[in-house]
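Have the structure open as you read.

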Amino acid sequence: EWPVGQEATWKTALKANDVDEDDVQGVANTIVRHVTTSLARQAGNMDTIAAYQATALSVRDQLIKRWNETTSYHTARAPKRIYYFSIEWLIGRSLDNAVLNLGMKNTYEDASRKLGFNFEDLLNEERDAALGNGGLGRLAACYIDSMATLSLPGWGYGLRYNYGIFKQMLSKTGEQLEAPDPWLDRENPWEIARLDVAYPIRFYGNVEPVANSDKAVWSGGMECLAVAYDTPIPGYATKNCANIRLWSAKPVQGFDLNSFNAGNYEASVHASSEVGNITQVLYPNDNMYQGKLLRLQQQYLWCSASLQDILRRFTKLELPWTQLPDYICIQMNDTHPTIVIAELMRILIDEEDISYDQAWKITTKVFAYTNHTVLPEALEKWEVSLFEKLLPRHLQIIYRINHDFLQQVAKRWPNDNDRLARMSIIEEGTPKYVRMAYLAIVGSFKVNGVAELHSQLLQATIFKDFVEFKGRDHFTNVTNGITPRRWLLQCNPELSALITHSLGSEAWLTNAQLLKNLIPMAEQKEFRKAFDIIKQNNKRRLAEVIEQELGITLNPRSVFAAQIKRMHEYKRQTLNIFAIIHRYLEIKKASPADRKKIQPWTFIFAGKAAPGYYIAKLVIRLIVNVGKIVNNDQDVGDLLKVVFIPDYSVSIAEVLIPAADISVQISTAGTEASGTSNMKLALNGALLLGTVDGANIEIAEDAGEDQCFMFGYLNDQVQQVRYNNSYNPTPLEQRSPELAAVFKHIESGAFGDAGIYDSLLKTVYEHDYYLVSNDFGSYLAAQKLVDELWGGDPEEWTRKAIITSCSMGDFSSDRSVQDYADGIWGVESERVPDN
Ligand code: CR6
């Protein structure tokens with residue numbers, strides 16, 4: 001057991017480092033030790049930043065210990081493991097979450113108080129780890145939390161971008177400005193650099209076939225290294241600790257001195273800095289594909305390094321390759337990692353001497369693919385010429401995969417050339433493209449969508465041919481989920497305490513289904529009162545932040561309606577802001593007596609627009625400028641406020657979500673695959689004001705439609721309405737006189753020079769692809785119902801809020817991850833024994 005030295009010495013030393021969960025002095029000792037050693041400061045010279053850093057390092061020690069125990073346990077047991085490949089990890093802050101999951105929040109609060117610091121202040125020193133755009137990246141973060149909590153043997157793999165999602169600022173005229181997010185400028189206490197875990201990655205180069213075999217030799221080109229950085233992720237109420245392994249690109253030693261740039265020192269240094277570029281920055285697009293070479297380099301570096309890492313772990317078991325699928329499963333979060341399919345084929349064939357057919361049998365049992373969108377502009381297709389230049393061997397393999405695949409299709413449907421063209425992994429034409437989603441389907445054993453409607457749509461539309469070919473069983477649904485640890489326990493401590501108190505235990509934190517036992521409490525006045533006071537407190541807390549940061553005074557008695565998500569035409573922030581202008585015009589028209597009957601609203605927006613997305617940026621500008629007018633109009637007073645909170649982030653969401661009364665989820669039916677802010681808001685007691693789309697449908701089913709305000713055209717009507725908008729257009733005045741009046745007001749220059757918003761309004765005047773004008777009337781009608789309930793029956797409102805919140809058990813990411821584990825991954829819990 002003890003490889004070197006004395007067992008007794010080792011044991012004493014290991015014990016000396018242990019800190020009991022409730023040992024306040026012990027925790028304080030570790031914090032001070034980190035100040036004076038790790039941070040090289042004098043104990044007296046400790047500001048809040050240093051206190052945060054030392055505290056984080058102290059927590060990290062705890063995590064690493066658990067991480068080590070988990071790793072040894074899993075190595076010894078050698079279970080099947082799940083690897084979650086995601087190009088985005090939108091983690092946010094870690095300190096609060098970590099101490100909560102460790103069950104040590106009180107201990108850390110006490111220890112920091114005794115050292116002269118307020119724990120809350122320390123939490124606010126932390127920068128968000130914002131290595132993601134929106135829902136997809138945050139989903140990965142919720143799933144790794146659940147994997148750890150369910151004690152599943154699994155890791156996440158991703159990229160360690162030096163710059164996360166850009167920082168959003170607003171100009172004086174309300175335009176979005178983007179600044180870099182150098183989140184690693186300050187030491188990142190949550191990561192462990194593993195400079196010894198590094199893999200070579202090749203780009204470009206030449207391929208030589210090997211005679212009489214399926215093999216080829218890929219050589220030359222550019223080589224670099226992918227170096228591992230680990231972020232331990234603690235489970236809740238388990239010792240298990242998962243890991244996110246992120247890769248950073250580094251030049252390989254002695255880079256190119258011989259072959260590439262012989263004798264040219266400066267050029268070789270330049271080339272090595274080019275390598276560093278690969279993991280510089282996260283691409284800031286959400287639901288939008290952009291075929292950049294550097295992005296493909298990112299994808300390949302990430303996939304190749306992760307796969308090499310996984311295979312190294314597998315080879316230690318000394319098992320035949322045919323058993324690989326019994327030991328590993330790789331879940332592809334969208335198509336971004338699809339190249340990993342060709343990479344596994346390449347390694348098995350070219351490096352492990354396995355025949356093509358055998359390699360394909362193994363490969364297709366390893367991968368599963370999650371699709372996250374049906375929007376055509378988001379589907380990845382790489383230009384063949386670019387692909388061939390960067391990854392020549394992989395393109396050959398993909399051609400072979402496609403050839404074999406199309407032969408099978410042709411056998412089943414002889415002489416159906418249209419079908420072959422539709423299904424080909426290679427899209428013919430000039431230029432040619434590699435369709436990554438098709439490669440992902442063909443190379444996987446299971447494909448899933450992320451909400452019921454979305455999964456149905458996939459099977460009925462963009463993947464229809466593949467359902468016919470592969471069979472229904474190849475496709476399934478796993479509705480998204482969110483972690484109740486971050487999205488209730490951490491962000492809403494008062495409501496969590498009420499729930500724990502009322503249920504008499506904390507078991508709901510690992511079994512969210514228990515929440516429904518509280519539904520009957522909605523009928524009790526006392527409980528409603530307690531629930532309502534908490535909502536008021538959360539609203540006041542948000543109002544204070546907004547007052548401080550933006551100088552806007554909110555009325556906490558107004559309906560807080562939150563639309564917080566990426567700016568996108570399909571999400572229809574437009575519908576919301578146009579309805580706000582309509583409401584403003586109504587207030588202006590009303591007599592002072594009538595104004596008294598109008599219900600007060602606060603509309604809160606937050607979200608980033610992709611830097612190149614002109615229309616989405618124009619919507620931000622409109623929202624900000626409407627806010628400036630409305631918020632300062634004496635006639636309006638407290639009745640209407642419009643707030644755009646800049647630089648939306650996970651940590652801002654944690655303050656916003658508990659304070660919302662209404663959750664605005666108004667995408668055109670059939671466009672939002674799932675949505676996840678809808679789940680977070682509902683869990684925190686916001687009523688759903690939404691369209692019949694994505695996971696809204698399942699939320700309304702579980703909460704009960706009585707609890708929700710649903711409106712708008714249904715998915716199966718959208719095609720027809722859209723067709724009419726384009727081909728039998730009627731004037732806007734006829735489609736919606738209210739919206740026409742709103743447009744007139746905007747065009748009068750009420751919110752900035754006439755003309756600025758013309759291109760935005762034009763999208764509705766013409767085509768109106770997202771049905772803004774068609775759904776406008778029913779959106780106003782739905783808001784009217786909200787008004788009536790808010791003004792008419794506040795007790796009933798609170799009752800609905802309680803029922804909504806307590807009906808969200810199904811939307812815990814524990815349920816989603818367990819569904820994946822049982823239905824797709826075939827992995828089981830491997831819980832580290834308590835002692
Ligand atoms: N943009 C979907 O649009 C879904 C998440 C997570 C999205 C959103 O409805 O909730 O994924 N899709 O499944 C993509 O990123 C492609 C998203 O976040």
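Start with Trp-382, whose bridge partner in S16 is Val-434. The open sheet has three strands in the order S14-S16-S15, with antiparallel pairing. At its edges sit strand S14 (381–383) and strand S15 (426–427), each pairing on one side only.

Before going further, keep in mind that this is a predicted model: local features need pLDDT of at least 70, side-chain atom pairs count only at pLDDT 80 or more, and totals for chains, interfaces and linings use all residues. Residues are numbered from 1 along each chain as its sequence is written.

Now zoom out to the domains, whose bounds come from an automatic or database domain assignment. The protein chain is split into domain 1 (78–93 + 128–480) and domain 2 (508–811). Their centres, taken over C-alpha atoms, are 36 Å apart. The contact between them (C-beta atoms, placed from the backbone, within 7 Å) takes 42 residues from domain 1 and 33 residues from domain 2. These elements each supply at least two residues of the side of domain 1 that touches domain 2:

| Element | Residues |
|---|---|
| strand S2 | 89–92 |
| helix H7 | 135–149 |
| strand S5 | 167–170 |
| strand S6 | 176–179 |
| helix H17 | 452–460 |

And where is the ligand? It lies between domain 1 and domain 2, because both give residues to its shell. 18 residues surround the ligand (C-beta atom, placed from the backbone, within 6 Å), and the closest are Gly-135, Leu-136, His-372, Ala-673 and Ser-674.

The largest nonpolar core has 242 residues, and Ile-144, Ala-561, Ala-562, Ile-604, Ile-623 and Leu-656 have the most contacts inside it. Such a core is a set of buried Ala, Val, Leu, Ile, Met, Phe, Trp, Tyr and Cys residues joined through C-beta atoms within 7 Å; buried means 20 or more other C-beta atoms within 10 Å of a residue's own, exposed 12 or fewer, and partly exposed in between. Leaving out residues up to four places away in sequence, Ile-623 touches Gln-573, Ile-577, Phe-605, Val-642 and Phe-644.

How values were computed: Two strands pair if DSSP finds at least two bridges between them. Helices (H or I, at least four residues) and strands (E, at least two) are DSSP runs, numbered from the N terminus. Two residues are in contact if their C-beta atoms, placed from the backbone, lie within 7 Å.
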